[in-house]
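Here are my notes for your first look at this entry. Keep the sequence and the 3D view open side by side.

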Amino acid sequence: MQRAVNMVAQLGLRLQALPLALGRPLSCAQDVLRRTPLYDFHLAHGGKMVAFAGWSLPVQYRDSHVDSHLHTRRHCSLFDVSHMLQTKILGCDRVKLMESLVVGDIAELRPNQDKVRELQNEGSDVSLEVVDNALLALQGPTAAQVLQAGVADDLRKLPFMTSAVMEVFGVSGCRVTRCGYTGEDGVEISVPAAAAVHLATALLENPEVKLAGLAARDSLRLEAGLCLYGSDIDEHTTPVEGSLSWTLGKRRRAAVDFPGASVIVAQLKGKVQRRRVGLMCEGAPMRAHSPILNTEGTVIGTVTSGCPSPCLKKNVAMGYVPYEYSRPGTPLLVEVRRKQQMAVVSKMPFVTTNYYTLK
Amino acid sequence: MALPVVWSALAGPCLPWPWGLTSSALLSEGKFTDKHEWIPTKNGIETVGISNFAQEALGDVVYCSLPEVGTKLNKQDEFGALESEKATSELYSPLSGEVTEINEALAENPGLVNKSCYEDGCLIKIALSNPAELDELMSEEACEKYIKSIEE
């Protein structure tokens, strides 16, 4: 079984500048939204479609947002995450290419393509191939049990952040990775586009499984303390500011050979100006762009994501505050609709995660 | 024409709220705004809530932000907000007047707005300063027509 660091799931990356080869665009000129291989499947199951990052995706199905969220934590849910396109990187210098991008924005294909061209111009052997696969995420405490019924491999031997190719419910050549974006145990299954509906249908046959959309996906990942690229992290944040220093490999730190290394290593050694923290409060929910204030009433930061937590029945959020306010337990204020509410810096994840690790 | 209740979607990777194609269960004596607040017609003090169309589109309400008793409102002033899991929806006053009562039950049980938007889940009461404004509001029939027209 191969070890594969799936940055996409961990950092919640959003794609931009997508190649036009994939996406099955609408035939009418009105909205050029791309469709995943499961578009008709979503409609058939009562999916309410919205535009998201240039794709038409279901925000929810017939269940309410909160019901869908809680079902994922108690049973398991199936998400179509095919909008996160998958790329095969080829050539002897593929590792060189990846290492030139790690701790940068690896999901943005345009920089990747530039980087590929740059390396090729230097005589490196590397190329990219976008794979015509769908990506299905099956997440929740019963996800492994549901999947086990359709695979011969023993899933107890596939721990968190590892990956293997296997036949899944009769579809050969699927890559199953033990990862996800909900904080629960689960997998992301890369399946050839032509077999995506068959696989989704097979999974849905198990009464444990319900379809879930973008709404539940967002509240689940927030409870799990996972970032949303474009909101909680972006091209203006470093991994240290984002409380993501764990993504920096030991060897890479010593070699100082990754994008932004001089800034990042300096932050690792000295103090960092600001940090991403978790916040909790009662009263009205904190949302993105809510100002964060110290107890004296001075604005010190901003909320980047927030929602009511269906599990905790409290409001949770992430935001950036100066380093000196970042310790869990620090009392702060968050301004919601012109009123200042007491909030407290909290450790993340807000809801205990259940990743399947071998100990 | 003003849009129906529009709330601020989350910023960043935008998730604009989908418009549910629902039919409203309308009170026969009510009056409606194009923003889906309704008022049962009585003299002097009017009760204000949101329509069935709005509560369905909003999803489960988790928190109600209501004004204080005594607040003076002009027609179309923002007087509060309803929070669903996903987004915040501002509320606009259908009439001018003074807030005489707020629905205290919503503090403990915000879901009443969904379960009983015309009765137990009503929001506030306003003492009208300009009763003629009632004539500017839509009847049940007109509201249904309006909903159909925006759904197209």
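How many residues lie between β6(B) and β7(B) in their hairpin?

1. Three residues separate β6(B) and β7(B), which form a hairpin. Strands here are DSSP runs (E, at least two residues; helices are H or I, at least four), numbered from the N terminus. This is a predicted model: local features need pLDDT of at least 70, side-chain atom pairs count only at pLDDT 80 or more, and totals for chains, interfaces and linings use all residues. Residues are numbered from 1 along each chain, chains are lettered from A and ligands numbered from 1 in the order written, and side-chain values use heavy atoms, without hydrogens and water.

2. β6 (78-84) and β7 of chain B pair antiparallel over five bridges. Pairing requires at least two DSSP bridges between the strands. B:E78 has B:Y92 in β7(B) as its bridge partner.

3. Why is β7(B) largely enclosed by the rest of the structure? Four of its five residues (88-92) are buried. Buried means under 20% relative accessible area; exposed is over 50%, partly exposed in between (1.4 Å probe, protein chains only).

4. Now chain A. An open, mixed sheet has the order β2-β4-β3. β2 (34-35) and β3 (48-52) of chain A stand at the edges: each has a single partner strand, so one side lacks a neighbour in the sheet. β2(A) runs parallel to β4(A) (55-60), joined by two bridges. A:R35 sits opposite A:S56 in β4(A).

5. A:E188 lies in strand β11 (186-192) of chain A. A:E188 is buried, at 2% relative accessible area. An unreviewed UniProt entry places a "binding site" feature at A:E188. UniProt positions follow the numbering used here, feature names are shortened, and annotations may be inferred rather than shown by experiment.
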